[in-house]
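Reader: I am new to this structure and would like to learn how to read it. Please take one feature at a time.

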Amino acid sequence: MAIRGLTRPTVCNLKSIVAFQTPKPQSLSTVTQIPVSPRTSPQSPYRKHISLFNLFQRHGFPPSQLQGFLKKNQFFLNYNPHELEKSLGILFSFQIPQKFIISLISDCPRLLEFEFLKKWEMGIAKLGVSGVSPLMIRNVLEFSRRFELDPVDVSRCVKILKGLGLRDVTVGRVLEEFPRVIVMNEGTIQRKIQFFLGIGIPENSINRIFHSLPGILGFGIEDRLKPLLSEFIKLGFTEKVVRREISSEPRMLGMELGELSRCLEFLGTLKCRVPIKEKIFSMGELRAGFEVKLRVDCLCSYGLIRREAFGVLWKEPRVIIYEIKDIEEKIEFLVHRMRYNVGCLIEVPEYLGVNFDKQIVPRWNVIEYLRSKGGLGCKVGLKGLIKPSRLRFYNLYVKPYPECEKMFGIFSRDIEVGNRHPVGLWKLMKPQKHPESEEDVKNMKLFVQSL
């Protein structure tokens with residue numbers, strides 16, 4: 001009872017002091033240390049907590065997140081502070097970006113056990129993989145800690161993959177995206193390779209398949225890959241077409257059962273201009289269905305459900321022929337710069353169909369400028385920003401404000417229009433001049449006097 005009575009006020013005091021003393025995020029060179037009360041015992045939980053707080057803060061952890069992190073992981077109080085600091089030093093010695101380290105420790109805090117990291121201190125360089133990426137180190141370390149694996153286990157996996165004919169860059173990619181391969185046996189991996197060779201995939205395309213879709217190593221042959229290929233055949237595609245498309249775009253094997261059927265059914269209902277439809281099907285019907293799947297996945301990754309994503313593509317088919325990176329750039333600009341909800345795309349799908357640099361950015365710059373100057377009489381939503389034609393938008397928001405013309409670009413007075421004809425052509429088109437006689441002058445004077 002006496003211990004409980006003494007400990008409880010200390011915890012309350014800790015919360016109040018830390019909450020009051022927590023500084024704003026600063027650079028590592030100007031980190032403000034939390035003062036330690038001189039009356040506190042060196043072995044007290046309070047002193048240990050403050051010491052941990054300062055240690056993690058020195059290594060770049062945001063102070064705003066540290067309180068919740070340490071409260072959730074009380075076992076750090078039992079760690080040796082000197083060994084804990086060494087563990088953090090080992091992690092940073094791997095040349096991993098600070099944001100990766102913070103994310104890694106937040107997801108797997110027990111990774112900081114000194115005995116575990118001590119094994120990996122020299123093990124990363126001896127894995128046998130050249131060009132090790134920070135993401136690969138992060139994922140391999142997290143997986144190894146969860147399943148108590150050593151560098152020897154990872155090195156054994158690397159030798160197996162290389163022995164089966166995978167190139168060095170492919171091995172690194174597999175470990176980066178699918179670290180579960182470390183605990184797979186050689187027979188399972190070999191059966192996957194034999195399956196692809198058995199359906200006619202060239203041997204030189206095996207590396208491409210595993211590099212593009214490392215997670216395929218975790219797919220079952222009987223319950224996933226064979227039913228998927230059977231679906232392609234039932235949809236009317238020949239084995240030659242299927243082999244060709246898989247070799248050129250291995251990510252096709254990552255489609256769920258029934259997903260391609262849904263995408264092809266969607267394409268059958270599409271109503272758009274003939275040139276756009278020709279571009280969509282320029283690579284074949286199978287590839288067109290896969291491109292629809294990629295765009296739907298992209299929109300769903302930003303918060304739309306699949307029904308809404310299909311609706312956006314149906315209303316704005318041009319999205320299917322645009323690159324994924326261009327679509328992502330527009331959505332990022334919509335959400336983070338324009339501060340609109342991604343759900344606005346359901347009502348204004350045309351936003352994804354217009355040119356980003358020539359229409360979206362100039363129009364937004366004009367509206368933002370007018371809003372900052374108080375020149376807008378009413379709120380302009382996404383529909384009012386995208387729907388008007390260029391000439392109408394110019395007449396509404398640019399023409400009354402000359403300073404916006406350079407910002408808007410088109411129709412600007414500063415833009416020089418090039419000559420449509422070669423210089424000097426007007427001289428050739430000049431009417432022939434006839435000499436005037438005295439009689440002609442006399443006749444003109446008489447005509448004018450008569451008027």
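Reader: How many residues has H20, and what span does H20 reach from its first C-alpha to its last?

Author: A helix here is a DSSP run of H or I with at least four residues, numbered from the N terminus. The expected span is 1.5 Å times one less than the number of residues. H20 has 18 residues and reaches 24 Å, close to the expected 26 Å. This is a predicted model, in which local features need pLDDT of at least 70 and side-chain atom pairs count only at pLDDT 80 or more, while totals for chains, interfaces and linings use all residues. Residues are numbered from 1 along each chain as its sequence is written, and side-chain values use heavy atoms, with hydrogens and water left out.

Reader: What is found at the start of H20, and what comes just after H20?

Author: A polar contact is a pair of N or O atoms within 3.5 Å; within protein, one must be able to donate a hydrogen and the other to accept it, and residues adjacent in sequence count only if both atoms are side-chain atoms. At the start of H20, a side-chain oxygen of Asn355 comes to within 3.0 Å of the backbone nitrogen of Asp357. Just after H20, Gly374 has a positive phi of about 75 degrees.

Reader: Which residues of H20 are buried, and which helices do they pack against?

Author: Buried means under 20% relative accessible area, with a 1.4 Å probe and protein chains only. In H20 the buried residues include Phe356, Ile360, Arg363, Trp364 and Leu370. Packing is read from contacts, meaning heavy atoms within 4.5 Å. The buried residues of H20 pack against helix H18 (324-337), H21, H22 and H23.

Reader: Which residues are buried in H22, and where do they fall around the axis of H22?

Author: In H22, residues 390-398, the buried ones are Phe393, Tyr394, Tyr397 and Val398. Seen down the axis, the buried residues of H22 fall within an arc of 105 degrees, so they line one face of the helix. The arc is taken from the directions from the helix axis to the C-beta atoms. These buried residues pack against H20 (356-373), H21 (382-386) and H23 (405-408).

Reader: Is Asn207 buried or exposed, and what does the side chain of Asn207 reach?

Author: Asn207 belongs to helix H11, residues 206-212. Asn207 is buried, with a relative accessible area of 7%. The side chain of Asn207 reaches the backbone oxygen of Gly165 at 3.2 Å, and a polar atom of that side chain lies 2.8 Å from the backbone nitrogen of Arg167.

How values were computed
Buried < 20%, exposed > 50% of the residue type's maximum accessible area, 1.4 Å probe, protein only. Helix = DSSP H or I, 4+ residues; strand = E, 2+ residues; numbered from the N terminus.
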